[in-house]
Amino acid sequence: MKMSFDYNGFLDASLARLKQEGRYRIFHDLARIVGEYPLAYSHTTGKKVTIWCSNDYLGMGHHPKVITAMKQAIDTLGAGAGGTRNIAGNHHLLIELEALLATLHQKEAALTFTSGYVANEAALSTLCANLPDCVIFSDAENHSSMISGIKMGKCEKHIFPHNDVAALEVMLQAVTPHRPKIIAFESVYSMSGSFGNIAAITALAKKYNALTYLDEVHAVGMYGETGAGLAEREGLSDSVDIIQGTFAKGYGLIGGYIAGNSNLVDMIRSHASGFIFTTAMPPAIAAGAIASINHLRQSNNERQLQQTQTQKVKTALREAGLPVLENASHIVPLMVGNAEKCKQASDILLHDYAIYVQPINYPTVPRGSERLRITPTPFHSDAMIAELTQALVAIFAELEI
């Protein structure tokens, strides 16, 4: 007689393997402190810690304009949206936000989603599924949300080596001209900090009549004269068909969006289940996003200081002999190359030095390329940079990294 499947036994063994490999993820109980960013109170350790790994790159999640706008929205419009966009959740602040996003990216229209992940998954799956006999070309280092959307779209896909424009062109040449084509890539790759080759890829797209889909989530708010991203900085916004972004990083909130040609955006709005069947963004989030975008359209101070502090961190770590992965962006990957040691380094930083940097392990990065991902902000002082550097030098020596 066959034994019944042991669910608990399977789950226990699966989790034990993750722990043994050093890949089990622990979510530290943090309370960020308004007015003291990047400090937070750690309920894990019972003391204040300095956060060095936040995606709130510019500290806009604590900006007075953002907080005030969110409070006013709650006082006047309430907490929730009240439904999906097509039922009763289509409030005016969302209309205002989408108009602002279209203006920001010099596009005809924009559409908001509950997260950047959902924006990628919904938009790419809809494009792949609805463009007849579509072929998509995806950079090998694209985010999980893009990969998920492409898989859900079930169209023919080709993965080109990261930033390898020559390989991409060979793949494009092999597809008959009449078929619709999409090239999906990022402007800033979050784990390596490398820049996507927007100019070369958009030139290829024009040559082979392909649509371009550019994920700018780690660039919006951070680059360009008005914070519209790397495409704006390079003067290439008009060359990109669909720009996807988020409010969860440079803008300090949560939510995602796409911006592009009005017909493309309307097609996604009309077909994407990830948009149609989920409750709309709450008014307070939309109000905060509007305030954050408007502030960063006018102010370069945050961007400039963030870049200054990033260069100081890179220089300090490099001069200390630590293995910084070089790039031109605001992300500072510190290579470890071992999952167990990466977690150990993170734990020691937290418990011994009151510094929080989470370990980055597989499947976020390939095995053997584990790292600590450091993200300086305008609010990390020179003294904090010195403390981080000294702690890392001691820990890397202790763990023989």
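Analyst: **Charged contacts and their surroundings**

A network of salt bridges links Glu-21, Arg-23 and Arg-367. The model is a predicted one. Arg-367 has a further contact: its charged end sits over the ring of Tyr-362, 3.9 Å from the ring centre. A contact of this kind also involves Lys-19, whose charged end sits over the ring of Tyr-24 at 4.7 Å from its centre.

One of the salt bridges joins the side chains of Glu-36 and Lys-48, at 2.7 Å from N to O. This pair links distant parts of the chain, 12 residues apart: Glu-36 is in the loop between strand S1 (30–32) and strand S2 (39–42), while Lys-48 is in strand S3 (residues 47–51). Glu-36 counts as partly exposed because its relative accessibility is 30%. Lys-48 also counts as partly exposed, at 43%.

Another salt bridge is formed by Arg-179 and Glu-156, with 3.0 Å between the closest N and O atoms. Here the linked parts of the chain are 23 residues apart: Arg-179 belongs to the loop between helix H6 (165–173) and strand S7 (181–186), and Glu-156 to strand S6 (residues 156–160). Are the two partners buried or partly exposed? Arg-179 has 14% relative accessibility and therefore counts as buried, the cut-off being under 20%. Glu-156, at 34%, counts as partly exposed.

The side chains of Asp-382 and Lys-312 also meet in a salt bridge, at 3.0 Å from N to O. Asp-382 is partly exposed, with a relative accessible area of 46%. Lys-312 counts as partly exposed at 35% relative accessibility.

From the charged side chains, the picture moves on to the aromatic ones. The structure holds 6 aromatic pairs. In one of them, the ring centres of Phe-5 and Phe-10 are 6.0 Å apart and the planes meet at 50°, so the pair is tilted. Phe-5 counts as exposed, with 52% relative accessibility. Phe-10, at 45%, is partly exposed. In another pair, the rings of Phe-113 and Phe-275 have centres 5.8 Å apart and planes at 70°, so this pair is edge-to-face. Phe-113 lies in strand S4 and Phe-275 in helix H10 (residues 273–276), 162 residues apart, and the pair links distant parts of the chain. Phe-113 is buried, with a relative accessible area of 3%. Phe-275 is buried too, at 8%.

Phe-5 and Phe-10 also belong to one aromatic cluster together with Tyr-7. With Leu-11, these residues form a nonpolar patch on the surface, and the accessible area of the patch is about 480 Å². Leu-11 lies in helix H1 (residues 7–20). Leu-11 counts as partly exposed because its relative accessibility is 45%.

S4 (residues 109–113) and S10 run antiparallel and are joined by 5 bridges. Within this pairing, Ala-109 has Gly-260 as its bridge partner. S10 is also joined to strand S9 (residues 242–246), again by 5 bridges and antiparallel. On that side, Gln-244 stands opposite Ile-258 of S10.

How many of the residues of strand S10 (residues 256–260) are buried? The count is 5 of the 5, so S10 is largely enclosed by the rest of the structure. Both of its faces are covered: Gly-256, Ile-258 and Gly-260 are buried on one side, and Tyr-257 and Ala-259 on the other.

Ile-87 is placed between helix H2 (64–77) and helix H3 (92–104). Ile-87 counts as exposed, because its relative accessibility is 67%. The C-alpha atoms of Ile-87 and Ala-280 are 9.6 Å apart in space, although the two residues are 193 residues apart in sequence.

Key:
Residues numbered from 1 in each chain as written. Predicted model: local features only at pLDDT ≥ 70, side-chain atom pairs only at ≥ 80, totals over all residues. Heavy atoms only, no water. Patch = residues over 30% accessible without salt bridge, like charges linked within 9 Å, V, L, I, M, F, W, Y side chains within 5 Å. Areas by Shrake-Rupley, 256 points an atom, 1.4 Å probe, with all protein chains shown as cover. Salt bridge = Lys/Arg side-chain N within 4 Å of Asp/Glu carboxyl O. Helix = DSSP H or I, 4+ residues; strand = E, 2+ residues; numbered from the N terminus. Buried < 20%, exposed > 50% of the residue type's maximum accessible area, 1.4 Å probe, protein only. Pairing = 2+ DSSP bridges. Phe/Tyr/Trp six-rings, centres within 6.5 Å; stacked < 30°, edge-to-face > 60°. Lys NZ or Arg CZ within 6 Å of the ring centre and 35° of its normal.
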